[in-house]
Amino acid sequence: MSSIGTGYDLSASQFSPDGRVFQVEYAQKAVENSGTAIALRGKDGVVLAVEKLVTSKLYEAGANKRIFSIDRHVGVACAGLLADARQLVETARTEASNYRADYGSSVPLKGYYGCAIGKAKQAAKTEIEKLKVKEMTCRELVKEAAKIIYVIHDEIKDKTFELELSWVGTETGGIHKFVPKDLFDEAEKYAKDALQEESDSDEEM
């Protein structure tokens, strides 16, 4: 059977003769080549962090966010193509709204204590495993999430990136929000200092 996508890659619900869904495969490849996104679940909430790669000098700082709110208490960090991310977010928002209408409550959440997607997901998972996330507060995790993104960033392949951070938990009254600027700046400084220390120790060896 042919594995060429021509004619079978126009819809996410269309199967090729050999049983493949090319739109799903394209999306997976886009995620694998995108900036890394991580989620950390601590004792009082969840922190999301994204390495948003800047691929053009014409890029406007702060544009094309990669972290979105799905419901009041639910956020998502998207990797891959922005158009795909927006479609995913709209679908998830509709599902959350339907769940609330059908069951009279918000979507219940379960999840891992730490997960990662994107091109450096394995390196990010290794860094996450070094942390005792269950015992950490969101304030502590914001700093650690920023540090992980800076540590796993490949400066040779991807020169520039923007850090995005959001959280939901006790500190936010259970509402998903972007991290406040003062805490964001503190976390970014912590991450850059940690990266510099790591670089200095490598040079001494």
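**Helix crossing and sheet order**

Reader: Is the crossing of α3 and α4 left-handed or right-handed?
Author: In this predicted model, helix α3 covers residues 121-129 and helix α4 residues 138-152. A crossing is left-handed if the near helix is turned anticlockwise from the far one by less than a right angle, and right-handed if clockwise. The crossing of α3 and α4 is right-handed.

Reader: Which residues of α4 make the contact with α3?
Author: Contact here means heavy atoms within 4.5 Å. From α3, the residues taking part are A123, A124, E127 and I128. Those of α4 are I148, V151 and I152.

Reader: In what order do the five strands of the open sheet stand?
Author: Strands (E, at least two residues) and helices (H or I, at least four) are DSSP runs, numbered from the N terminus. Two strands pair if DSSP finds at least two bridges between them. The pairing in this open sheet is antiparallel, and the order is β5-β1-β2-β6-β7.

Reader: Why is one side of β5 and of β7 left without a neighbour in the sheet?
Author: β5 (114-117) and β7 (177-178) stand at the edges of the sheet. One side of each is without a neighbour because each has a single partner strand.

Reader: Which residue of β5 stands opposite L40?
Author: β1 comes next to β5 in the sheet order, and the two strands pair in the antiparallel sense over four bridges. The residue of β5 opposite L40 is G114.

Reader: What is the bridge partner of A39 in β2?
Author: β1 (residues 37-41) runs antiparallel to β2, and five bridges join the two strands. A hairpin of three residues leads from β1 to β2. In β2, A39 has as its bridge partner L48.

Reader: Which residue in β6 stands opposite V50?
Author: β2 (residues 45-53) also pairs with β6 (residues 161-169), in the antiparallel sense and over nine bridges. The residue of β6 that stands opposite V50 is E164.

Reader: How far apart in space are K43 and C138, C-alpha to C-alpha?
Author: K43 lies in the loop between β1 and β2. Leaving aside residues up to four places away in sequence, K43 touches V133, K134, E135, M136 and T137. K43 and C138 are 95 residues apart in sequence, yet their C-alpha distance in space is 7.6 Å.

Reader: On what basis are these values given, and where does the numbering start?
Author: Local features need pLDDT of at least 70 and side-chain atom pairs 80 or more, while totals for chains, interfaces and linings use all residues. Side-chain values use heavy atoms, without hydrogens and water, and along each chain, as its sequence is written, residues are numbered from 1.

Terms used
Buried < 20%, exposed > 50% of the residue type's maximum accessible area, 1.4 Å probe, protein only. Axes fitted to C-alpha atoms, helices over the stretch in contact; angles between N-to-C directions.
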